[in-house]
Amino acid sequence: KPVNNAKVTVALSMPAHKHSRKPIGLKSRGRGEYATQVQGLQMSGGWNAVVEVNVDGDRVHQTFAFTR
């Protein structure tokens, strides 16, 4: 079931260089979809995106690894 009232953030980091950025809030687009625009990913290499979802005090997070 889509959730439209969640607080969703993503925190990006580049573990190999010990670079990290403050979490960014995502905006609800409706139908359970959330989005943001990220700038400043010029460096090539391995990145992690930690997505955190908080709904009515219930919190879950998932780490996604990607390469740019």
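In which strand does Thr-9 lie?

Modeller: Thr-9 belongs to strand E1, which covers residues 7-14; strands (E, at least two residues) and helices (H or I, at least four residues) are DSSP runs numbered from the N terminus. This is a predicted model, in which local features need pLDDT of at least 70 and side-chain atom pairs count only at pLDDT 80 or more, while totals for chains, interfaces and linings use all residues. Residues are numbered from 1 along each chain as its sequence is written, and side-chain values use heavy atoms, with hydrogens and water left out.

Thr-9 counts as buried because its relative accessibility is 18%, where buried means under 20% relative accessible area, exposed over 50% and partly exposed in between (1.4 Å probe, protein chains only). Apart from neighbours within four places in sequence, Thr-9 is in contact (heavy atoms within 4.5 Å) with Pro-23, Ile-24, Gly-25 and Leu-26, and also with Val-50, Val-51 and Glu-52.

Turning to the whole protein chain, its secondary structure consists of seven strands and zero helices, giving the pattern β-β-β-β-β-β-β along the sequence. Of its 68 residues, 19% are buried. When contacts between residues at least 6 apart in sequence are considered, 48% join residues at least 24 apart. Along the principal axes, the C-alpha atoms of the protein chain fill a box of roughly 35 × 20 × 20 Å.
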